[in-house]
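I opened this entry to keep a record of what I looked up in the structure, topic by topic.

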Amino acid sequence: MATRVMTFYGTSVGKKVVMAVTGFIVFGFITVHMLGNLQVFLGPEKLNAYARFLKSSSAFLWAFRGVLLAAAVLHILSATQVTLQSWAARPEGYAVQRYRETTYAARTMRWGGPIIGVFVVYHLLHFTTGQLHPSAPWFNGTDVYNNVVYGFQVPWTAAVYLVAVLMVGLHLYHGVWSMLQTVGAAHPRYNRWRRFLAATFALLVGGGMALVPISVLAGWVHPV
Ligand code: HEM
């Protein structure tokens, strides 16, 4: 069984399936995370109660973190290997760059991924552990609402998040498009639907994420 799995992973389709499945898990998390974040508009009690609920069972929390971390590591590993293989297939490079896939999102996948990776490390030190929170001595592990609002009142911090969220949106757009291709919707007849689904999903998730820093900067959400 293990040998079969490794043989399948050894093929380029195998790596793309792993990339699609792990991408699905990570973006499932991001979608739920975005919906959770929107509770900032319901006030501190709601958002902080939701955050307390998520941490109420440490066994569940660590099992969930383990799955998420494993999915992220496998996603990065398979993406890196597919990229290295495609570079190895044309070692001299193109004299003139020609892009088979034409969207800006497709071309940004390879550097967008590492940028998102760096952002996640910054993000954990900012909102989860608090070391990089602008009001670090004040950071309160149980008051997620005020951590977020004080955090985004610093314009450069909000700007970093907006850039990261844009990257996530572009990554998501091309990721959903490619995932649908990997699972079989590759016929050009489906292209319009694939584009529509990918764009809608990317806009909803990216837009929902961006709404929080924008609302704090605009003064629509205040510290309490
Ligand atoms: C404006 C956008 C975002 C906001 C306001 C936000 C907010 C937060 C907050 C407040 C926490 C800490 C929650 C707590 O300690 O209870 C958190 C954790 C986290 N966020 Fe975000 N986030 C945003 C975007 C993202 C993005 C784009 C990603 C991934 C690419 C991400 C991944 C994570 C992860 C992995 C955790 C740690 C979860 C855990 O504790 O296991 N976040 N986020």
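Among contacts in the chain between residues at least 6 apart in sequence, what percentage join residues at least 24 apart? I found 74%, counting two residues as in contact if their C-beta atoms, placed from the backbone, lie within 7 Å.

I noted that this is a predicted model, in which local features need pLDDT of at least 70 and side-chain atom pairs count only at pLDDT 80 or more, while totals for chains, interfaces and linings use all residues. Residues are numbered from 1 along each chain as its sequence is written.

**Overall fold.** I counted eight helices and zero strands in the chain, where helices (H or I, at least four residues) and strands (E, at least two) are DSSP runs numbered from the N terminus. Of the 224 residues, 22% are buried, meaning that 20 or more other C-beta atoms lie within 10 Å of the residue's own, with C-beta atoms placed from the backbone.

**Helix 2.** I looked up helix 2 and found 26 residues spanning 37 Å from first C-alpha to last, close to the 38 Å expected at 1.5 Å a residue, the expected span being 1.5 Å times one less than the number of residues. Its buried residues include Lys15, Met19 and Phe27, and the buried residues of this helix pack against helix 1 (2-10), helix 4 (58-89), helix 7 and helix 8.

**Alanine 79.** This residue is found in helix 4, and I class alanine 79 as buried because 21 other C-beta atoms lie within 10 Å. Leaving out residues up to four places away in sequence, alanine 79 touches Met19 and Gly113; the C-alpha atoms of alanine 79 and methionine 19 are 6.5 Å apart, although 60 residues separate them along the chain.

**Nonpolar core.** I took a core to be a set of buried Ala, Val, Leu, Ile, Met, Phe, Trp, Tyr and Cys residues joined through C-beta atoms within 7 Å. The largest has 28 residues, and Val148, Val168, Leu172, Tyr173 and Val176 have the most contacts inside it. Helix 7 gives the most to this core, with eleven residues. Beyond its neighbours within four places in sequence, valine 168 is in contact with Ile30, Ile116, Gly206 and Met209.

**Ligand shell.** I then checked the 21 residues around the ligand, of which Asn37, Ala51, Phe127, Met209 and Val212 come nearest; a residue is near a molecule if its C-beta atom, placed from the backbone, lies within 6 Å of it. Helix 5 gives the most to this shell, with six residues.

Note on methods: A residue is buried if 20 or more other C-beta atoms lie within 10 Å of its own, exposed if 12 or fewer, and partly exposed in between; C-beta atoms are placed from the backbone.
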